[in-house]
Amino acid sequence: MADAQSMTPFAAEAISALGYIKPGCEHLVSRLLILCVENHPKAVATSFRKHGSQITKAEKKALGIRANAFMSYDAVDMLTPRGLASPLEALETTLLRAVFSHFRAVKLATPIPAKHAEIRYDPPFKECGACWPLNKQRVDIAAATPFPLVGCFREACPLTYSVYIDYIGELVEQERGRR
Ligand SMILES: [Zn+2]
């Protein structure tokens, strides 16, 4: 089970890299990240904006958001000027970037289940200039990072690491052992 402390590096990286959320909000974002393990960041961010005292219609208009959108004073307070330019997406995008890092960290920490197995890069998008060239390449676990890859242009890249098992190699070895 993830705790806020283990989430903090991922929250801090996303806050710093995207610049939508004020530095100092790492702990709050880490706590919201725990909810993102089982809920989409969009739902978590919306629910956070819905919680607490809501800004006025005039303030929503000034922010450029629709009158029926949820937006609490707490949610506005955590946004930087860059975040205020897209107030409905700022937290969601930050959570999404951070939770992908968390998921990669989980993959890297998972013991490889078989002798004939390895971890490989599994980038979902061909447009990712930094991630796609690594498609299906073996990951050096000792050197691998859970954080977004340098050069990836995406605000939240779902690059993941997958376990590949060489079933044939395993079978051949078992057969040899039997002789
Ligand atoms: Zn990428």
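**Reading a helix pair**

Modeller: In this predicted model, helices H1 and H2 cross with right-handed geometry.

Biologist: Which residues of H1 and H2 make the contact?

Modeller: H1 contributes Ala 4, Met 7, Thr 8, Phe 10, Ala 11, Ala 12 and Ile 15, while H2 contributes Glu 26, His 27, Val 29, Ser 30, Arg 31, Leu 33 and Ile 34. By class, the residues of this contact comprise 9 nonpolar, 3 polar and 2 charged.

Biologist: At what angle do H1 and H2 pack, and how far apart are their axes?

Modeller: Angles of 65 to 115 degrees count as roughly perpendicular. Helix H1, residues 4-18, packs against helix H2, residues 26-36, at about 115°, and their axes lie 8 Å apart. H1 and H2 are therefore roughly perpendicular to each other.

Biologist: What pattern does the protein chain follow along the sequence?

Modeller: The protein chain holds 8 helices and 2 strands, and their order is α-α-α-α-α-α-α-β-β-α. The radius of gyration is 20 Å, well over the 16 Å that the globule rule gives for 179 residues, so the protein chain is more spread out than a compact globule. The C-alpha trace spans about 80 × 35 × 25 Å along its principal axes.

Biologist: What share of the 179 residues is buried?

Modeller: A residue counts as buried if 20 or more other C-beta atoms lie within 10 Å of its own. Buried residues make up 25% of the protein chain. As for contacts between residues at least 6 apart in sequence, 60% join residues at least 24 apart.

Definitions and conventions
Residues numbered from 1 in each chain as written. Predicted model: local features only at pLDDT ≥ 70, side-chain atom pairs only at ≥ 80, totals over all residues. Helix = DSSP H or I, 4+ residues; strand = E, 2+ residues; numbered from the N terminus. Rg over C-alpha atoms; globule rule 2.2 N^0.38 Å. Buried ≥ 20, exposed ≤ 12 C-beta atoms within 10 Å, placed from the backbone. Contact = placed C-beta atoms within 7 Å. Axes fitted to C-alpha atoms, helices over the stretch in contact; angles between N-to-C directions. Parallel < 35°, antiparallel > 145°, perpendicular 65-115°, else oblique. Left-handed = near helix turned anticlockwise from the far one by under 90°. Nonpolar A, V, L, I, M, F, W, Y, C, P; charged D, E, K, R; others polar.
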